[in-house]
Amino acid sequence: MSLLEIEELVVRFGGVTALDGPSFDVPERRICGLIGPNGAGKTTLFNCVSRLYTPESGRIEFDGDDLLTREPHEISSLGIARSFQNLGLFASMTVRENVMLGAYSRARPGYISSALRVRATGGAERRLRGEADEVLDRLRLGDNADHPATGLPYGTLKRVELARALFQRPRLLMLDEPASGLNHSEVEELADLIRAVRDDFDLAVLLVEHNMGMVMGLCEQVVVLDLGRKIAEGPPRSVQENSSVIEAYLGAPA
């Protein structure tokens, strides 16, 4: 069953067409890779699903809900969480506090001020703190829970951002270049972690990534964009052998 449905999205910025009608579905519990050369429209598509951008035309449905009728602040509460290319963590806050901010979509009013170093009162905050520690332990971050985000290794900070997204209890996890800046061993560890997260948290993953080794080894479905158009879709092996994909990445023979 399809969880996310993208149909013929068109996005233009002035005279530039960023998305030119791509369509694809992301089934439940599927890890789907969204790839393409720089400028292909991948992050633009992410921003449409997140409702940061409004397409000129097309359709986006999440579990039957028309996302184009929703405001950006509603997206998380529907069950969609995302990461960004650049880390969005608060350096002076602890790892636990950064993760607890992921609960803004399901916490009572006033919780955010509580998370920002105001003394917690009541059972709701204590419960959320316990839930944050469970997620941190699952991602092997428990020892860093009370450490400020500043000063931690980059690979660790990537996992903190993933923990914050998971704390929103999403059904769809959108990851924008999660392997950027990681070394080979960290990329392998991240791929294993994403696969385990999909299984343990029973969610679908839509992944934008330039590391083709990670994409081809992790994803069950790959969608390829080039200049805003979808040029290929299918299992990793068929996409790798697609002549249009090879030309988009390597260029046509002279």
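I started at Arg 171, which is partly exposed at a relative accessible area of 32%. My cut-offs: buried is under 20% relative accessible area, exposed is over 50%, and partly exposed is in between, with a 1.4 Å probe and protein chains only. Before going further, I noted that this is a predicted model, where local features need pLDDT of at least 70, side-chain atom pairs count only at pLDDT 80 or more, and totals for chains, interfaces and linings use all residues. Residues are numbered from 1 along each chain as its sequence is written, and side-chain values use heavy atoms, with hydrogens and water left out.

I placed Arg 171 in the loop between helix H6 (154-166) and strand E8 (172-176). Helices (H or I, at least four residues) and strands (E, at least two) are DSSP runs, numbered from the N terminus. I also checked Arg 171 against Tyr 249: they sit 78 residues apart in sequence and 32 Å apart in space, C-alpha to C-alpha.

Then I looked at H6 itself. Its 13 residues reach 19 Å from first C-alpha to last, close to the 18 Å expected at 1.5 Å a residue. The expected span is 1.5 Å times one less than the number of residues. H6 is mostly covered, with twelve of its 13 residues buried.

**The chain as a whole**

I counted ten helices and eleven strands in the protein chain. For 254 residues, a compact globule would have a radius of gyration near 18 Å, and the chain comes to 19 Å, which agrees. That radius is taken over C-alpha atoms, and the globule rule is 2.2 Å times the number of residues to the power 0.38. Along its principal axes the C-alpha trace spans about 65 × 40 × 35 Å. I get 48% of the 254 residues as buried.

**Helix H7**

Next was H7, residues 184-201. Its 18 residues should span 26 Å at 1.5 Å a residue, and the end C-alpha atoms are 26 Å apart, so that agrees. Which residues of H7 are buried? I find Val 187, Leu 190, Ala 191, Leu 193, Ile 194, Val 197 and Arg 198. They cover an arc of only 165° around the axis, which puts them on the same side of H7. The arc is that of the directions from the helix axis to the C-beta atoms. A reminder to myself: an α-helix has 3.6 residues a turn, so residues three or four places apart point the same way.

**Salt bridges**

I count 22 salt bridges in the structure. The rule is a side-chain nitrogen of Lys or Arg within 4 Å of a carboxyl oxygen of Asp or Glu.

I looked up Arg 229 and Asp 20, whose side chains meet at 3.0 Å, N to O. Arg 229 lies in strand E11 (residues 229-234) and Asp 20 in strand E2 (residues 16-20), so this pair ties together parts 209 residues apart in sequence. Arg 229 is partly exposed at 45%, and Asp 20 is partly exposed at 31%.

Glu 220 and Arg 198 also pair, at 3.0 Å, N to O. Glu 220 is in the loop between helix H8 (212-218) and strand E10 (221-226) and Arg 198 is in H7, so the pair joins parts 22 residues apart in sequence. Is Arg 198 buried or exposed? At 9% relative accessibility, Arg 198 counts as buried. Salt bridges that share partners join Arg 29, Arg 198, Asp 199, Asp 202 and Glu 220 into one network.

I noted one further pair, Asp 65 with Arg 70, at 2.7 Å, N to O. Arg 70 is partly exposed at 23%.

**Positive phi values**

Most residues other than glycine have a negative phi, so I flagged the exceptions. Glu 8, not a glycine, has a positive phi of about 50°, and Glu 8 sits in strand E1 (residues 2-13). Arg 51 has a phi near 70°. Arg 51 is in the loop between H1 and E5 and is buried at 10%.

**A surface patch**

Last, I found a nonpolar surface patch of Phe 13, Val 16, Leu 52, Tyr 53 and Phe 84, with about 470 Å² of accessible area together. Tyr 53 lies in the loop between helix H1 (42-49) and strand E5 (57-62), and at 31% it counts as partly exposed. Patch members have over 30% relative accessible area and no salt bridge; like charges are joined within 9 Å, nonpolar side chains (Val, Leu, Ile, Met, Phe, Trp, Tyr) within 5 Å. Areas come from the Shrake-Rupley method with a 1.4 Å probe, and for residues only the protein chains shown count as cover.
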